[in-house]
Amino acid sequence: MAEEVTGEGTKFDLKPNDELRFEVETKQTVVMEMTHGKGEVFGAELAKNKKYKFNSGAKVAVYTWHGCQIKISFPNLVGTTEVAYISKETPMLMYLNTHAALEQMRLKADEENMRGPRAIIVGPTDVGKSTLCRILCNYAARLGRAPIFADIDVGQGQTDIPGTIGALSVERPSDVEEDYSQLSPLSFHFGHKTPQTNTALYELLIQRLAEVINMRSEKSKRTNVSGVIINTCGWIRGAGYELIKNTAGAFEVDLVMVIDQERLFNELKRDLPHFVHVVLLPKSGGVVERSQSSRGEARDAKIREYFYGIDNSLYPHNFEVKFTDVKIFKIGAPVLPESCLPLGMKAEDNKTKQVPVMPSMSLLHHVFSVSAANSPEDNVVETNVLGYVVITAIDMEKQCFTVLAPSPRPLPKNILLMMDLQFMDIK
Ligand SMILES: Nc1ncnc2c1ncn2[C@@H]1O[C@H](COP(=O)(O)OP(=O)(O)O)[C@@H](O)[C@H]1O
Ligand SMILES: [Mg+2]
């Protein structure tokens, strides 16, 4: 039952297995406090009597195994009231069972000195894939595990800004308010907000990410035993389906969790090798569907957060960079018919090629990855990135750019990779 919440606050008594859900509207802030009992937000435990703040766009669910009391208030609410509600129907018990199964595999891996479980979460958009990844990583971290969270969703990823794929080691549960944004991820430049734009590059980067994860796992027993949780985007038909199969293969997954799509579940059960367990999980009634425009806004917010932090807690820098100080590339040239290519070259090869980009006004507002590569002759495409800048002004006469960067000049390296994503730096 939905309940109206006034500015000063309303208390909610949650019984075991209840979930309190609310959404923070534009320009609103919610302050939440647990006054009794035990509760968690997507697997991260709440501290008693601590005030948590959520900003506009946040969609929050407090789940409790044992019961708790939650007070929520809208400090800057004017006029109308907001709505929060308690639901008694959640798939949390099934998610917990999934976690328990993963933990059994970790215990076995630990004993036998083997690799821990690798699980990929797939399904259509807006079914709670990212949320399930977060819950599973947090539950594992609460037991002292350090799973690798690999996020290959270039549109709505959680580990870094859009247009990238990457991974991070979850050594402790995420902050209740902040997701994983405070951890520094390993990231690769893709440059687009959907894998469709360049599937050849996407698959190459997935191979590379899997390779790096294997190397890291071999170096640490704790990481190796803890396993890998892989988040994907919602592209599940046609070439998207082929991608899911290839990704499962690249990461050598043991487990595929399909959320809310019986057809996809059946297809994967039929097509994946028999030693891969495929499970079907329900979606939570709390998952909120996002419109195309709110996806765009979320991408923008993620880029803003990279430079400005949450609640403007970071102070980015603006400085000039001479055209001659940087080498700019984009990855992927237009595909030519094979008859136009040198002998032996495949059309697909062009899609993973680095192409020089000349300074021009068309670079304005684009986001660029700063490659960790030292020279264009290195394998730039498969080298990780150090961070991102946005070109906020271009002076063709003076032959220089102004860039927005997270740290002061100079740039850490001089190879920039252009994204087709833009960011308007308006306060
Ligand atoms: N149980 C829940 N109650 C309320 N909101 C939820 C719940 N689970 C997920 N959400 C929210 O729904 C949105 C979509 O979920 P997400 O995990 O991002 O879906 P997907 O990754 O499948 O697109 C997110 O903003 C998330 O915070
Ligand atoms: Mg997602």
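A residue is near a molecule or strand if one of its heavy atoms lies within 4 Å of that molecule or strand. This is a predicted model, in which local features need pLDDT of at least 70 and side-chain atom pairs count only at pLDDT 80 or more, while totals for chains, interfaces and linings use all residues. Residues are numbered from 1 along each chain as its sequence is written, chains are lettered from A and ligands numbered from 1 in the order in which they are written, and side-chain values use heavy atoms, with hydrogens and water left out.

**Stop one: ligand 1**

Select ligand 1 and the residues around it: there are 17 of them, and the closest are Glu19, Lys129, Ser130, Thr131 and Arg290. If you colour this shell by residue type, you will find 6 nonpolar, 5 polar and 6 charged residues, where Ala, Val, Leu, Ile, Met, Phe, Trp, Tyr, Cys and Pro count as nonpolar, Asp, Glu, Lys and Arg as charged, and the others, Gly among them, as polar. At least two shell residues come from each of β3 (19-23), β8 (59-63) and α2 (129-142); helices (H or I, at least four residues) and strands (E, at least two) are DSSP runs, numbered from the N terminus. Domain 1 (2-90) and domain 2 (92-281) each give at least three residues to the shell, the domain bounds coming from an automatic or database domain assignment.

Now look at individual atoms of the ligand. A polar backbone atom of Lys59 is 3.3 Å from an oxygen atom of ligand 1, and a backbone N or O atom of Gly128 lies 3.0 Å from an oxygen atom of ligand 1. On a nitrogen atom of ligand 1, look for Ser284, which has a polar side-chain atom 3.1 Å away. Taken alone, ligand 1 exposes 560 Å², of which the protein buries 89%; accessible areas come from the Shrake-Rupley method with a 1.4 Å probe, and for residues only the protein chains shown count as cover.

**Stop two: strand β21**

Next select β21 (366-371). Is this strand buried or exposed? 6 of the 6 residues of β21 are buried, so the strand is largely enclosed by the rest of the structure; buried means under 20% relative accessible area, exposed over 50%, and partly exposed in between (1.4 Å probe, protein chains only). His366, Phe368 and Val370 point one way from β21, whereas Val367, Ser369 and Ser371 point the other way.

Two strands pair if DSSP finds at least two bridges between them. β21 pairs with β24 in the antiparallel sense over 4 bridges, with Val370 opposite Leu416 of β24. β21 also pairs with β22 in the antiparallel sense, over 5 bridges, and there Ser369 has Tyr388 as its bridge partner.

**Stop three: the loops**

Follow the chain to the loop between β21 and β22 (385-395), where you will find Asn379, which is partly exposed with a relative accessible area of 44%. The side chains of Asn379 and Glu382 are joined by a polar contact of 3.2 Å, that is, a pair of N or O atoms within 3.5 Å; within protein, one must be able to donate a hydrogen and the other to accept it, and residues adjacent in sequence count only if both atoms are side-chain atoms.

Most residues other than glycine have a negative phi, and most peptide bonds are trans. With that in mind, select His365, in the loop between β20 (354-356) and β21, which has a positive phi of about 70°. Finish at Pro410, in the loop between β23 (400-405) and β24 (415-422), where a cis peptide bond with omega of about 0° joins Arg409 and Pro410.
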